[in-house]
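Please look through the following structure with an eye to how its chains meet and how a few local features are built.

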Amino acid sequence: MIMNVMLDVDRTAASGVAVQPIVSLRGVAKHFPGVIANQDVDFDLLPGEIHALLGENGAGKSTLMNILTGIYRPDLGEIIVDGQPVTFASPVEAIAAGIGMVHQHFKLVKAFTVAENVHLGWSETPGRISRDLLEARTAQIAASLNLAVKPGARVSDLSTGEQQRVEILRVLSRKARVLILDEPTAVLTPAEAAELFKALRQFAARGNAVIFISHKLDEVLEISDRVTVLRGGRKVTTKPTNECDKRILARLMVGQEVVLSNMRERKPGAKPISDAPVLSLRNVSARDDLGNLSLKNVSLDLRAGEILGIAGVAGNGQKELSQVLTGVRRASGGEIHVCGKDLSSRGAEEFAAFGVGHIPEDRLHSGLAPALSITDNVVIREYGKAPLSQGWMYRPSAAAALARSIAEAASVAVPDFKMPVRNLSGGNQQRLVARREMRIASNVLVAAYPSRGLDVGAINAMMSYFTELRDAGVGVLFVSEELEELFKLSDRIAVMFHGEVMGVVDSSQVDVETIGLMMGGQRSLEAGSAEEVR
Amino acid sequence: MSIRIQRVPSENMAGGLAARLIAIVLALSIAAIVFAMSGADLGKLGAHVFKSTFGSRFGLMDLGLIVTPLILTGLAVTVAMKVGAWNIGAEGQFCAGAIAATAVALFVPGPTILVLPLMFVAGAIGGMLWILIPTLARAYADVSELITTLLLNFVGALFIYYLATGPWLDPSGLSFAATKRLPHDVPGFWGDVHWGLPIAVLLTVALAGVLNYTRWGYEVRIAGSNPAAARYAAIPFRRHLIVVMLMSGAIAGLAGMFEVIGTTHRLQGGISNNFGYIGIMVAVLARGSAIGVIAGAALMAVILKSGIALQTQGVNISTVLALTGLILFFTAIGDELSHYRIVRSKPA
């Protein structure tokens, strides 16, 4: 890392242009309870450049930009603008210093017109002004920045691309010299994206700078002049984009030092992988809560005694996949078979009855009732069975006994089982959920991001639970965004992108780069031609 | 060494009780100071309040009559809370139950022994009908039951005024705004106190049992606490929501039935006496425990009866209401504080 910084300095010196960065970050660190969001980050933004910030989910991109725009204050390190150290108490101060951000989810008032949105919360907005004058002002600013907007239109009537242009206008009208865009193309059509890129190049050409946050490799290569890669909250490197290709970027983004520990090896006496799949999907599609098709024609087979990893950047259909596989969400098309039985149109009850356990993404919101007692929560899968229930009677004493045995299996010390489950740490909640689900997972366990937000001890516990199940002949479907974990544990890895499976690969015969490329939308290399990537 | 305040995870029973006692004592002390400053004779006032509550047979009977509807409305609100719904409309369901029971009393001939069960059922159904629309709106269109149940309160109260001054007005001409004396009574249990009181208590105990000792009760708990978790565990949230909300309405309707048949014996405007709203306070005091409703209702009954006693001594109604509010306010603070403890620790 130090090497790279020195290289940058050398290059700048060598090119003979001693350019002062518009903005620099020096040694920036930000810690949240239990999480290092940023550590030792150095970052320079030069005038005239479009600088891509690349990293996986949770790599610390958003935190870093929130620090730069005054939303967070760094725990350590400093922000230097035009050579002067500054501190921002709020985004207003950051924008006053010329740093503005367009968030992924727009922050516009939908019922207001474009002109009103542009002038909202701006000290230069005249105290009294007519609608016509306000719109004229807006049109004038837009023209001077070469951004086509309709000043009189209501924001709610605009397309996403147009709304984004209003956001950009809002930032630029305040004389921003640094424009930060958080995954701006995620919401755009290709034509709108091309339009955006043109506007960004013009903006940068005027001596301003753009920070472009993305995890799409193609885009980064297309638009940026330099690229900084973050991983695990730290800066990996900053490189001129023309020295990179997709392969290099993928490697930098996901990291090379994947520890291939032997969790894939079976214990003696472990059940072998079955020939017939215990869970199989054929052309399964599903819609998300908003009705968008977020799972498209997915076909997968999971065999007994194997762990199938699901890789991909979060939000590419993994959530819907795990819900469809456990009956929580109905598939809109295709077939799902568990042990040869068609469960396509069945609900969560039947899936549980057929031995499908489910560790849901976001345990507090869907896997637990946070305000209820630990006992109530850990018996949620078995309250209807003997000995907890006899007929319509429910026996709290039997429930308490089961809760004690689950807590013991999970090695969670519980002072009081009547205590609300939300008072336990995230790691302990997840251990209890996992042990609870393992009890019913006689055929399949679907685990969605089981290690998200946990400390190392709890993560290791999760991993050992899964190998325990695998060795007992259960099929485990393991969704994660951590490639290291996936490689450690999975026998095969399926990669998802935009709701589709890009391919299923044998994890002992694939490298991280290939997975990284597939996560970025590259189809599986079934022909085995890794060279085609370029 | 530093001292900090820490929130304790599970509440502590003795602490909670102590906090409530301190709250009541504090509120009464403040009230005493205010009364003393305005020149009232504290000893005389206190003696009068005691005599008209615990200190006499009539006082106790009045308490019994007041506590009956409060237990039922408090239970109605508590039961709805179990499934995650706020039934602010116990007042309206109370009115509907009273109207339905009165209709049976007025228009169904027969001996009391046969008509009484009919009135009981009518009261429950009346309350249920009154909460039906809010229930369905919440279950199928996610319309906040808070608003809909509240608004129907006014409809219920005004409907009683209409009936009692219009079509059902006492034909004898002896009263201007009430029906005639209803021909049936709920049998007496102790003096003026009718069988509504033991039935309310039994109903509370039975429901507490059902909620704690049946599979259904467990499912309602999960569904009410987190519908997403219910969906995940294949518990039918909507079905439980509908059943429990209708139950809640039925219980509030029974409160109205007992009030009109057992206590006032006539349907008249203002019969609900805010019992439905006070039921919300009872439920809050009971903190979601069905059994706690009995204690909460008893406390509210004493406060209400003391207020009436104070009014007869020339203390104005605003002062009485302020005192009631003060007690509840202090209790709420006490409840919250009982979740904290002071710990001494060395700074990390």
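Predicted model: local features only at pLDDT ≥ 70, side-chain atom pairs only at ≥ 80, totals over all residues.

Residues are numbered from 1 along each chain as its sequence is written, chains are lettered from A and ligands numbered from 1 in the order in which they are written, and side-chain values use heavy atoms, with hydrogens and water left out.

**Where chain B meets chain A**

- The contact (heavy atoms within 4.5 Å) involves 33 residues of chain A and 19 residues of chain B.
- The size of an interface is often given as the accessible area lost when the parts come together.
- Here chains A and B bury about 2200 Å² between them, with 59% of it on carbon and sulfur atoms; buried area is the accessible area, taken with a 1.4 Å probe, that two parts lose on being put together, summed over both.
- Of the area that chain B buries against chain A, 36% is supplied by B:Arg215, B:Tyr218 and B:Tyr232, more than by any other three residues.
- Between the two chains there is one salt bridge, a term for a side-chain nitrogen of Lys or Arg within 4 Å of a carboxyl oxygen of Asp or Glu, and it joins the side chains of B:Arg221 and A:Asp376 at 2.8 Å, N to O.
- There are also 12 residue pairs in polar contact between chain B and chain A, both residues being at pLDDT 80 or more; a polar contact is a pair of N or O atoms within 3.5 Å, where within protein one must be able to donate a hydrogen and the other to accept it, and residues adjacent in sequence count only if both atoms are side-chain atoms.
- On the side of chain B that touches chain A, two or more residues each come from helix H7 (196–213), helix H8 (215–225) and helix H9 (227–232) of chain B, and H8(B) gives the largest share, six residues.
- Helices (H or I, at least four residues) and strands (E, at least two) are DSSP runs, numbered from the N terminus.

**Two helices of chain B**

- Helix H4 (residues 90–107) and helix H6 (residues 145–165) of chain B have axes that come within 7 Å and cross at roughly 35 degrees; axes are lines fitted to C-alpha atoms, for helices over the stretch in contact, and angles run from 0 to 180 degrees between N-to-C directions.
- Among the residues that make this contact are B:Cys95 and B:Ile99 of H4(B), and B:Leu152 and B:Phe159 of H6(B).

**Local features of chain A**

- A:Asp44 and A:Arg26 meet through their side chains in a salt bridge of 2.9 Å, N to O, which links strand E2 (residues 35–45) to strand E1 (residues 23–32) across 18 residues.
- A:Ser274 sits in the loop between helix H9 (246–254) and strand E11 (277–287) of chain A, and a polar atom of the A:Ser274 side chain lies 2.7 Å from the backbone oxygen of A:Ala276.
- A polar atom of the A:Ser274 side chain also lies 3.0 Å from the backbone nitrogen of A:Ala304.
- A:Ala386 and A:Pro387 are joined by a cis peptide bond, with omega about 0 degrees.
- A:Cys339, in the loop between strand E14 (333–338) and strand E15 (341–342) of chain A, has phi near 50 degrees, a positive value in a residue other than glycine.
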